Amino acid sequence: GVTQPVLNLTTSFSKAINVTHADSEGQEITLFGQKFTIAAATSGTDLVLLKAATKVSLDTTAPSQDVTIAGKKYTIELISASDTAATIKVTNEAGASEQKEISEAASKKISGVTIAVNTADETNLNLSASIIAGAEKITIQNNTAVAYGEDDTTIDGTNAIFDNGPTSANTIRINVAAKDS
């Protein structure tokens, strides 16, 4: 943990919020002056956020959608879906594309975009998926360094503190320590 922070970022809520609740998933939240979207991967221990995110609903009748994320254009396409996962294809402005299968409540980086699958479904040959596409994934876990990206790279010198954990948060504080004295 950070013993003597040089900087302390604190967000306080007017009433305790449960960021793990199903109604919180996909909701926009402003923390420290930046807009994030709460990802379905949020749990009782981790608050998972996507920066510069866009919600996208895809199905068999409308399998693709063009989106702009952090100033760049992408085409997001539903390739296949089951009741537990979706295969998503992302094509960037240069025309390069990549596709990956992503389980519900998980995320992966595809063509430079983090794609989080909230729900996937396959019913009577109709495929559907509700996803969030974002520029960067941020994971905030109590009493742990803040992590970013799909590989959960830690931000040195940071330590996050939820006053009551993600299920009943009144404040979220991030302490930042100097690299050395």
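Start by selecting Glu 98: at 34% relative accessibility, Glu 98 counts as partly exposed. That label covers values in between two others: buried means under 20% relative accessible area and exposed means over 50% (1.4 Å probe, protein chains only). Before you click further, know that this is a predicted model, where local features need pLDDT of at least 70, side-chain atom pairs count only at pLDDT 80 or more, and totals for chains, interfaces and linings use all residues. Residues are numbered from 1 along each chain as its sequence is written, and side-chain values use heavy atoms, with hydrogens and water left out.

**Stop one: the salt bridges**

The side chains of Glu 98 and Lys 100 meet in a salt bridge, 3.8 Å from N to O. The term salt bridge stands for a side-chain nitrogen of Lys or Arg within 4 Å of a carboxyl oxygen of Asp or Glu. Lys 100 is partly exposed, with a relative accessible area of 27%.

How many salt bridges does the structure hold? There are three. For another one, select Glu 150 and Lys 137, whose closest N and O atoms are 3.9 Å apart. Glu 150 lies in the loop between β14 (147-148) and β15 (153-154) and Lys 137 in strand β13 (residues 136-141), so this pair ties together parts that are 13 residues apart in sequence. Strand names here follow DSSP runs numbered from the N terminus: strands (E) have at least two residues, and helices (H or I) at least four.

Is Lys 137 buried or exposed? Lys 137 is buried, with a relative accessible area of 11%, whereas Glu 150 is partly exposed at 24%.

At 39% relative accessibility, Asp 152 counts as partly exposed. Salt bridges that share partners join Lys 137, Glu 150 and Asp 152 into one network.

Next, select Asp 83, Glu 104, Asp 121 and Glu 122, which gather in a patch of negative charge on the surface. Patches are made of residues with over 30% relative accessible area and no salt bridge; like charges are joined within 9 Å, and nonpolar side chains (Val, Leu, Ile, Met, Phe, Trp, Tyr) within 5 Å. Accessible areas come from the Shrake-Rupley method with a 1.4 Å probe, and for residues only the protein chains shown count as cover. Lys and Arg count as positive and Asp and Glu as negative, while His and the chain ends are not counted. The place of a charge is taken as NZ of Lys, CZ of Arg, CG of Asp or CD of Glu.

Zoom in on Glu 104, in the loop between β9 (97-103) and β10 (106-110). Glu 104 counts as partly exposed, at 31% relative accessibility.

For a patch of another kind, pick Val 6, Leu 7, Leu 9 and Phe 32: they make a nonpolar surface patch of about 330 Å². Val 6 sits in the segment before β1 (7-17), and at 61% relative accessibility Val 6 counts as exposed.

**Stop three: positive phi angles**

Stay on Phe 32, in the loop between β2 (28-31) and β3 (34-38). Phi of Phe 32 is near 55°, a positive value in a residue other than glycine. Phe 32 is partly exposed, with a relative accessible area of 31%.

Then jump to Ala 52, in the loop between β4 (46-51) and β5 (54-59). Phi of Ala 52 is near 50°, again a positive value in a residue other than glycine. At 33% relative accessibility, Ala 52 counts as partly exposed.

Select Val 67 in strand β6 (residues 64-69). Val 67 is buried, with a relative accessible area of 5%. Which residues does Val 67 touch, not counting residues up to four places away in sequence? They are Thr 54, Val 56, Lys 72, Lys 73, Tyr 74 and Ile 76. Contact means heavy atoms within 4.5 Å. Draw a distance from the C-alpha atom of Val 67 to that of Ala 178, 111 residues apart along the chain, and you get 38 Å.

Finish at Asn 118 in strand β11 (residues 113-123). Asn 118 counts as buried, at 15% relative accessibility. Leaving aside neighbours within four places in sequence, Asn 118 is in contact with residues including Glu 104, Ala 105 and Ile 131.
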